[in-house]
Amino acid sequence: MNTHFIKTLDDVKTLLSQEACLEPGWDSKDECYQWIEQTLSHFKYRSLGREGKGLIRRYLTVASGYSTAQVTRLINQYTNKGTVKRHHSSNNGFRTRYTKADIRLLAHTDRLHSDLSGPAIKKICERAFQQGDGRYERLATISISHLYNLRQSKTYERTRGNKNSTRSTQRAIGVRRRPDPQGRPRYIRVDTVHQGDKDGVKGLYHINAVDEVTQYEVVCTVEKISERYLVPVLEGLLAGFPFRLLEFHSDNGSEFINHQVAALLNKLNIALSKSRSRHSNDNALVESKNGSVIRKLLGHAHIPQHHAEQFNEFDKKYLNPYINYHRPCFYPETLIDKKGKEKKVYRYENMMTPYEKFLSLDQPEQYLKEGITLEQLKAEAEAMSDNEAAEQLQRARQTLFKSVHERQAEA
């Protein structure tokens with residue numbers, strides 16, 4: 001838009017709201033100063049109200065490309081002396097190749113094409129000049145690196161109005177806090193365990209979830225931890241707990257802190273929380289289970305990803321029943337000394353299975369999911385002895401790893 005068409009305050013307001021590309025009619029600083037003086041005189045700046053003066057000040061800043069401080073100095077010069085004169089310095093300085101009009105034209109082109117990359121905008125400038133638009137004569141020959149330099153200039157930023165730089169997440173996924181179950185189940189801690197790399201190839205992943213109070217644990221195995229593979233398995237993991245869940249807590253890894261997992265939990269009315277910065281023990285419970293359960297039974301060696309379905313079936317049929325109904329755990333007892341300091345004590349008499357811990361709660365049936373009863377859990381727990389469950393687990397584990405090693409040998 002040409003500044004010659006700006007005659008009223010309404011024209012100024014329209015110009016500033018449209019973010020149009022200005023094409024001032026001057027080629028030197030002297031002509032620019034003269035235009036500023038004519039503009040202030042035309043709009044009778046001294047007699048304007050506060051809103052009108054603000055509009056003219058913004059208009060001069062955008063159109064001239066000068067800083068707010070420089071425009072303020074020129075306006076003060078006009079109000080005090082009635083004229084705007086340039087004070088010439090003895091230093092001629094460096095002659096610039098690209099004028100402010102070129103920079104405004106670049107800003108206008110960027111806005112039209114939604115901020116394409118530097119090479120793409122250079123190509124557009126070349127094509128515009130070849131098609132007869134003389135305004136692009138200098139921009140058609142600009143180097144790509146210097147094009148990015150012009151984008152960093154004050155004139156460019158003032159013309160665009162705002163700079164679309166990288167912004168922090170406006171809507172955080174999950175709440176940074178430590179879960180506070182207050183002696184009630186249904187608050188789970190979740191983490192992933194990677195089953196090794198080999199020759200630059202990733203192995204499968206185990207998803208480990210542990211209830212904060214009862215230590216009821218559900219393990220699932222997934223080929224990869226991208227949303228495509230993780231979300232379906234995660235649905236089965238959440239369904240594996242016999243009680244209704246209220247909170248899902250993980251570290252800050254992107255496998256859990258993403259919109260797909262948040263949508264799944266929101267559908268199930270489960271809150272999503274994540275570990276706090278510089279609080280490494282926020283997810284300590286599941287981290288300890290990673291070592292004492294998964295690493296102890298499944299090891300650290302590489303297992304190819306295509307075995308994920310076999311391991312997931314093993315988890316569901318053998319591993320999860322064993323660790324929840326036949327594997328005893330220590331449960332801490334919190335003592336408070338005279339100074340108010342808390343100390344956790346692990347007594348032998350407090351050792352029990354997660355199932356037994358759940359039964360020890362006050363009215364445990366109130367936490368169960370619809371369709372699940374205490375009688376069903378009791379039948380599953382008493383279906384076999386602890387040693388029988390362990391023998392079954394070991395046989396299934398040996399068969400599973402034998403299958404994995406045989407396939408690797410064939411490959």
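**Exercise 1. Find what surrounds Leu-230: which residues is Leu-230 in contact with, leaving aside its neighbours within four places in sequence?**

*Solution.* Start with the partners: Ile-207, Val-222, Lys-224, Ile-225, Glu-255 and Phe-256, where contact means heavy atoms within 4.5 Å. This is a predicted model, in which local features need pLDDT of at least 70, side-chain atom pairs count only at pLDDT 80 or more, and totals for chains, interfaces and linings use all residues. Residues are numbered from 1 along each chain as its sequence is written, and side-chain values use heavy atoms, with hydrogens and water left out.

Helices (H or I, at least four residues) and strands (E, at least two) are DSSP runs, numbered from the N terminus. Then check its accessibility: Leu-230 counts as buried because its relative accessibility is 1%. Buried means under 20% relative accessible area, exposed over 50%, and partly exposed in between (1.4 Å probe, protein chains only).

**Exercise 2. Describe the largest nonpolar core: how many residues does it have?**

*Solution.* Count first: the core has 36 residues. A nonpolar core is a set of buried Ala, Val, Leu, Ile, Met, Phe, Trp, Tyr and Cys residues joined through side-chain atoms within 4.5 Å. Those with the most contacts inside it include Ile-188, Leu-234 and Phe-248. Elements giving two or more residues include strand S2 (187-194), strand S5 (205-211) and helix H9 (227-239). The largest share, six residues, comes from H9.

Now zoom in on Leu-234. Leaving aside neighbours within four places in sequence, Leu-234 touches Ile-207, Phe-248, Phe-256, Val-261 and Leu-264, all by the contact rule. Apart from this core lies another, of 23 residues, among them Trp-35, Ile-36, Ile-56 and Val-84.

**Exercise 3. Compare two helix pairs: at roughly what angle do the axes of H9 and H10 cross?**

*Solution.* Two packed helices are described by the angle between their axes and the distance between the axes. The axes of H9 and H10 come within 10 Å and cross at roughly 25°, so H9 is roughly parallel to H10. Axes are lines fitted to C-alpha atoms, for helices over the stretch in contact, and angles run from 0 to 180 degrees between N-to-C directions. Angles under 35 degrees count as roughly parallel, over 145 as roughly antiparallel, 65 to 115 as roughly perpendicular and the rest as oblique. Residues making the contact include Leu-234 and Leu-238 of H9 and Val-261 and Leu-264 of H10.

For the second pair, the axes of helix H3 (residues 50-64) and helix H4 (residues 68-81) come within 10 Å and cross at roughly 120°, so H3 is oblique to H4. Their contact involves Arg-57, Leu-60, Thr-61 and Ser-64 of H3 with Thr-68, Val-71, Thr-72 and Ile-75 of H4.

**Exercise 4. Sort two arginines: is Arg-186 buried or exposed, and is Arg-278 buried or exposed?**

*Solution.* Arg-186 lies in the loop between strand S1 (175-176) and S2, and counts as buried because its relative accessibility is 12%. Arg-278 lies in the loop between strand S8 (271-274) and helix H11 (284-298). Arg-278 has a relative accessible area of 82%, so it is exposed. Now look at phi: Arg-186 has a positive value of about 90°, and Arg-278 has a positive phi near 60°.
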